[in-house]
Amino acid sequence: MFQKSARIALQTAVVGLLLGCLSLGGQGTVVAQAANNEELPASLPSQQQPGQLRQAQLIQTRDIDVTGDGVLDQVALSGTKLDMNSPYYDQLFIVVTSPGQTQVVIPLQGGYNPNMQFCDFIGEKLPQIYVSAENGGSGGLSTFYLYSLKNNVPTAIPLPAPLRVYATFKNNYVVKMKIEESGKSFNIDIKDRKDDYEQFGVYKDGKVVKPIIVNVDTYSLLKPVDKGGSGKCDLRGVQRITGIANADTLGYATSLWQWKKGRWVLKESAVVKNYHNH
């Protein structure tokens with residue numbers, strides 16, 4: 001009975017979900033703050049005229065207990081578009097509908113190819129809601145969100161900070177990469193692009209002339225990893241490292257994070273020249 005009434009309530013919520021309501025909230029609805037203290041629009045975008053309604057599209061939905069009361073909740077990911085012909089969602093929403101409880105709406109930043117997953121990251125013995133959305137652009141970056149809905153209270157869980165990596169250019173076209181958080185160093189061979197680095201003035205006849213500061217992107221991938229199939233997840237991070245240009249990918253910083261005693265702990269880290277997402 002609940003599943004049928006919840007679906008009706010969810011359809012009503014998704015169809016009637018307006019950006020304008022975020023500034024007011026609705027009776028029986030809690031509008032949560034965004035993860036990582038990101039600022040979100042509290043009113044309709046300037047392109048939208050007052051009184052004009054913008055309908056949210058349902059992207060994903062799943063019946064799963066995220067509040068911990070032993071009863072299935074209906075969790076939906078929806079989004080709005082300024083251009084219906086574009087794959088880009090200008091804003092995303094998590095909508096949690098629980099039997100006998102206040103409906104929760106969590107606004108998120110927009111993006112491409114949004115995806116919602118469920119796993120226990122923080123040891124609550126129930127799944128949290130994990131959402132990723134691609135930012136677009138040549139950097140391949142994405143934005144990630146993690147929320148706990150225990151006791152129907154939306155709580156944004158902070159995500160691990162990206163690794164800090166420092167580079168030292170060595171003779172014979174080798175770059176030494178050191179990860180600050182672990183103290184580990186890795187050598188990346190760049191002989192395959194020595195002509196570019198000679199032309200740019202970093203090397204001359206294999207000797208370092210003018211070293212540069214490499215750029216380490218934020219996460220392009222922050223992927224839930226459930227190694228044992230236990231329903232408890234770690235996070236696998238991937239960051240791209242670039243040299244003389246954005247197209248010059250020197251390698252990738254990889255990390256594995258595990259939640260322990262209220263914080264993310266770095267379990268593994270490395271710098272590799274090539275990374276294949278499995």
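**Terms and their grounds**

Mentor: The chain holds two helices and 17 strands. Please bear in mind that this is a predicted model.

Trainee: How much of the chain is buried?

Mentor: Of the 278 residues in the chain, 44% are buried. As for contacts with a separation of 6 or more, 49% of them are between residues 24 or more positions apart.

Trainee: Why is serine 142 called buried?

Mentor: The relative accessible area of serine 142 is 14%. Serine 142 belongs to strand β7. Leaving aside residues up to four places away in sequence, serine 142 touches Ala133, Glu134, Asn135, Tyr219 and Ser220.

Trainee: What makes cysteine 119 a buried residue?

Mentor: Its relative accessible area is 7%. The cut-off is under 20%, and therefore cysteine 119 counts as buried. Cysteine 119 is placed in strand β5. Apart from residues up to four places away in sequence, cysteine 119 touches Pro127, Gln128, Gly231, Lys232 and Cys233.

Trainee: What separates the C-alpha atoms of cysteine 119 and aspartate 234?

Mentor: Those C-alpha atoms are separated by 9.3 Å, while the two residues are 115 residues apart along the chain.

Trainee: What is noted about the phi of tyrosine 173?

Mentor: Tyrosine 173 is not a glycine, and yet its phi is positive, at about 60°. Most residues other than glycine have a negative phi. Tyrosine 173 is found in the loop between β9 (165-170) and β10 (174-179).

Trainee: How do you know whether tyrosine 173 is buried or exposed?

Mentor: Tyrosine 173 has 11% relative accessibility. Since buried means under 20%, tyrosine 173 counts as buried.

Trainee: And is lysine 261 buried or exposed?

Mentor: Lysine 261 has 88% relative accessibility. Exposed means over 50%, so lysine 261 counts as exposed.

Trainee: What is the order of the strands in the open sheet of four strands?

Mentor: The order is β14-β15-β16-β17, and the pairing is antiparallel. The edge strands are β14 (215-225) and β17 (263-272). What makes them edge strands is that each pairs on one side only. On average, neighbouring strands of this sheet are turned by 25° against each other, direction ignored.

Trainee: How do you know that β14 and β15 pair?

Mentor: Two strands pair if there are at least two bridges between them. Eight bridges join β14 to β15 (residues 234-242), so the two strands pair, and they run antiparallel. One of the bridges has asparagine 215 with threonine 242 of β15 as its partner.

Trainee: Which residues lie nearest the centre of the largest pocket?

Mentor: They are Ser132, Glu134, Ser142, Ser220 and Leu221, in a lining of 18 residues. The elements giving two or more residues to this lining are β5 (103-119), β6 (128-134), β7 (142-148) and β14. The largest share, five residues, comes from β14. The volume of the largest pocket is about 240 Å³.

Trainee: How do the lining residues divide by kind?

Mentor: Seven are nonpolar, nine are polar and two are charged.

Terms used: Residues are numbered from 1 along each chain as its sequence is written. This is a predicted model: local features need pLDDT of at least 70, side-chain atom pairs count only at pLDDT 80 or more; totals for chains, interfaces and linings use all residues. Side-chain values use heavy atoms; hydrogens and water are left out. Axes are lines fitted to C-alpha atoms, for helices over the stretch in contact, and angles run from 0 to 180 degrees between N-to-C directions. On a 1 Å grid over the protein atoms alone, a cavity is a set of points where a 1.4 Å probe fits but cannot get out, and a pocket is an open set with protein on both sides within 12 Å along at least five of seven lines; lining residues have an atom within 4 Å of a point. Grid points are joined across faces, edges and corners, and a volume is the space filled by probe spheres set on the points. Ala, Val, Leu, Ile, Met, Phe, Trp, Tyr, Cys and Pro count as nonpolar, Asp, Glu, Lys and Arg as charged, and the others, Gly among them, as polar. Buried means under 20% relative accessible area, exposed over 50%, partly exposed in between (1.4 Å probe, protein chains only). Contact means heavy atoms within 4.5 Å.
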